[in-house]
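Colleague: I would ask for a close look at a single part of this model, with the rest of the chain as its setting. Please state each criterion where it is used.

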Amino acid sequence: MSEREVTDRQRIRNRKGKIVRLHQDLRSHLISMMSEPKKLICLVSHGVHDRKQADNQSKALDWFGTRKVPHTVVDGMDPNQRERRNKLFEISGVRGNYPQFFFEFEDGTIHLLGNFDKIDDLNETSGLPPDVLAQHPEIETWEKVFGSVVESFA
């Protein structure tokens, strides 16, 4: 193997190592975020015409209600909530696609959790057998993500 090939392989290994470390740091940050007290914000639109979006909103809100997860609903169609809606759109980078879910932390920062697919995935992983979850602590479940959701920071 030539000296150049060895150097290229080392560079690739170094890049791969950096990417793995970044991913691990991100995972650690996300896991720590999951355990902090936070409020759940659900951005929906009661006037959405897309049937799939309307069904997804309804399912997600039903799941939150059934599992007694405290949440605040922001209606994207409500002119009184336009400013809040626009702030959430700015955070997510996606306009006019409902539902979207956010966490608001005690310091006032708001982070995007995801869209309906994220909530659906969490719903599905919560049904995994306990031994599988024990072997894979990195798997996000409903309990891990929503366990520290509070109604208020009183």
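Modeller: Of the 154 residues of the chain, 32% count as buried, where buried means under 20% relative accessible area, exposed over 50% and partly exposed in between, with a 1.4 Å probe and protein chains only. The model is predicted, and local features need pLDDT of at least 70, side-chain atom pairs count only at pLDDT 80 or more, and totals for chains, interfaces and linings use all residues. Residues are numbered from 1 along each chain as its sequence is written, and side-chain values use heavy atoms, with hydrogens and water left out.

The accessible surface of the chain comes to about 10200 Å², computed by the Shrake-Rupley method with a 1.4 Å probe. Carbon and sulfur atoms account for 50% of this surface. The secondary structure consists of 6 helices and 4 strands; helices (H or I, at least four residues) and strands (E, at least two) are DSSP runs, numbered from the N terminus. Their order along the sequence is α-β-α-β-α-β-β-α-α-α. Among contacts between residues at least 6 apart in sequence, 60% join residues at least 24 apart, a contact being heavy atoms within 4.5 Å.

Two packed helices are described by the angle between their axes and the distance between the axes. The axes of α2 (residues 51-66) and α4 (residues 116-125) come within 10 Å and cross at roughly 45°. These axes are lines fitted to C-alpha atoms over the stretch in contact, and angles run from 0 to 180 degrees between N-to-C directions. The two helices are therefore oblique to each other, since angles under 35 degrees count as roughly parallel, over 145 as roughly antiparallel, 65 to 115 as roughly perpendicular and the rest as oblique. The crossing of α2 past α4 is left-handed, a term used if the near helix is turned anticlockwise from the far one by less than a right angle.

From α2, the residues Asn56, Lys59, Ala60, Trp63 and Phe64 take part, and they meet Phe116, Ile119, Asp120 and Asn123 of α4. By class, the residues of this contact comprise 5 nonpolar, 2 polar and 2 charged. Here Ala, Val, Leu, Ile, Met, Phe, Trp, Tyr, Cys and Pro are nonpolar, Asp, Glu, Lys and Arg are charged, and the others, Gly among them, are polar.

The setting of this pair can be followed along the chain. In the loop between α2 and β2 (72-75) is Lys68, whose phi is near 55°, a positive value in a residue other than glycine. Most residues other than glycine have a negative phi, and most peptide bonds are trans. Lys68 is exposed, with a relative accessible area of 71%.

Strand β4 (residues 110-115) contains Asn115, which is partly exposed at 35% relative accessible area. Beyond its neighbours within four places in sequence, Asn115 contacts Pro99, Gln100 and Phe101. Pro99 sits in the loop between α3 (82-92) and β3 (100-105), and the peptide bond from Tyr98 to Pro99 is cis, with omega near -5°. Asn115 also lies 9.4 Å from Leu43, C-alpha to C-alpha, although 72 residues separate them in sequence.

Glu140, in the loop between α5 (130-135) and α6, is buried at 18% relative accessible area. Its C-alpha is 6.5 Å from that of Leu122, 18 residues away in sequence. In the segment after α6 (142-146) comes Val149, buried at 10%. Apart from its neighbours within four places in sequence, Val149 touches Lys38, Lys39, Leu40, Val69, Pro70 and Phe103.
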